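Opened a new model today and wanted to keep track of what I looked up. Notes follow, in the order I went.

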Amino acid sequence: MSGRRGAQEAARSGRLVAATLDPAEMPSDGLPEVAFLGRSNAGKSSLLNALLGAQIAPVSSKPGKTSVICFYAMPGWYLVDLPGYGYAQISKERRSAIGERVEAFLTNRQPLLGGLVVQDCRRDPEEEEALLRRWAASRNLFLAVVANKADKLNQRERVERKAALEAAWKLPVILVSARTRENLEAVRAAIRGLGLSI
Ligand SMILES: Nc1nc2c(ncn2[C@@H]2O[C@H](COP(=O)(O)OP(=O)(O)OP(=O)(O)O)[C@@H](O)[C@H]2O)c(=O)[nH]1
Ligand SMILES: [Mg+2]
C-alpha cells in the first residue's frame, strides 16, 4: 500500500487516469475518491481546474460537456469529475444511459468517500440535490456544498445567498468562484478535513 501511495504521490497532480462510464475501466487500486456532483453547467469542471491551477478538465458554456466519469490523480486519492444532471439537450436515450451509470457509480462505488455538490449560487437546491443528500446519508458518505459563480453577486447578495442556501441545505455552504478563484482555500480545507492532501 505504501509503495503504491508513494507512486501516486510522485504522479503529477491532476493527471487524467480514466475517462469512462464502464466500472471495469475505473481505477482498481482502491485509493479513496471524492466526486464533484451537481447540475450541468454549475461549474464542476471549472472548479476542478481552478483547484488544480491548470486547464485540465474540459469546460463549456454548453451544458453536458462532461459525458463520462473522469478520474484525476491526486496525492493518494482521486478527484472524480462527473457528468452533470438536468441537461435536456442531449437525446433522452443518451441522457438516461449516462444517468444510470452515474447513479450506479454513486450507489456502488466502494472507494468513494463522498462528494462536493457544486451548484450555481444563484439557484436554490432542487429535487436532485435532495436526492444527493439522501444518497450521501444512506451510504454514510461525506457531503459538502460548494456554491459557485460568486463573481456574479455583489457583496450584499453574497451574504444573502449564502444564508439562504445554508438555510435550505441545513449544511455549511462554501461560496466560491472558479473564475476569480475566491475562497478556493475553503474547498481545499474541506478536502483536507477528509485526511486527503491537496
Ligand atoms: N461567471 C462564472 N462562470 C463560471 C464559473 N465557473 C464556471 N463558469 C462557467 O460555467 C460554464 C459551465 O462550466 P463547466 O465547468 O463546464 O460546468 P460543469 O458543471 O462541469 O458542466 P457539465 O460538464 O455539463 O456537467 C462555463 O461557461 C464556465 O466558464 C464561475 O465561477 N463564474
Ligand atoms: Mg463538466
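**Ligand shell**

I started at ligand 1: of the 24 residues around it, Gly-43, Ser-45, Ser-46, Thr-66 and Gly-84 come nearest (near means a C-beta atom, placed from the backbone, within 6 Å). This is a predicted model, where local features need pLDDT of at least 70, side-chain atom pairs count only at pLDDT 80 or more, and totals for chains, interfaces and linings use all residues. Residues are numbered from 1 along each chain as its sequence is written, while chains are lettered from A and ligands numbered from 1 in the order in which they are written.

I checked which element gives the largest share of the shell, and helix H2 (residues 44–52) does, with three residues. Helices here are DSSP runs of H or I, at least four residues, and strands are runs of E, at least two, numbered from the N terminus.

**Sheet**

I traced an open sheet of seven strands, order S1-S3-S4-S2-S5-S6-S7, with mixed pairing (a pair needs at least two DSSP bridges). Strand S1 (15–20) and strand S7 (173–175) are at the edges with a single partner strand each, so one side of each has no neighbour in the sheet.

I then looked at S5 (residues 112–120) and S6 (residues 142–148), which pair in the parallel sense over seven bridges. Val-118 stands opposite Val-146 in S6.

**Around Val-146**

Which residues is Val-146 in contact with, leaving aside neighbours within four places in sequence? I found Leu-47, Leu-116, Val-117, Val-118, Ile-174, Val-176 and Val-187, contact being C-beta atoms, placed from the backbone, within 7 Å.

Conventions: Contact = placed C-beta atoms within 7 Å.
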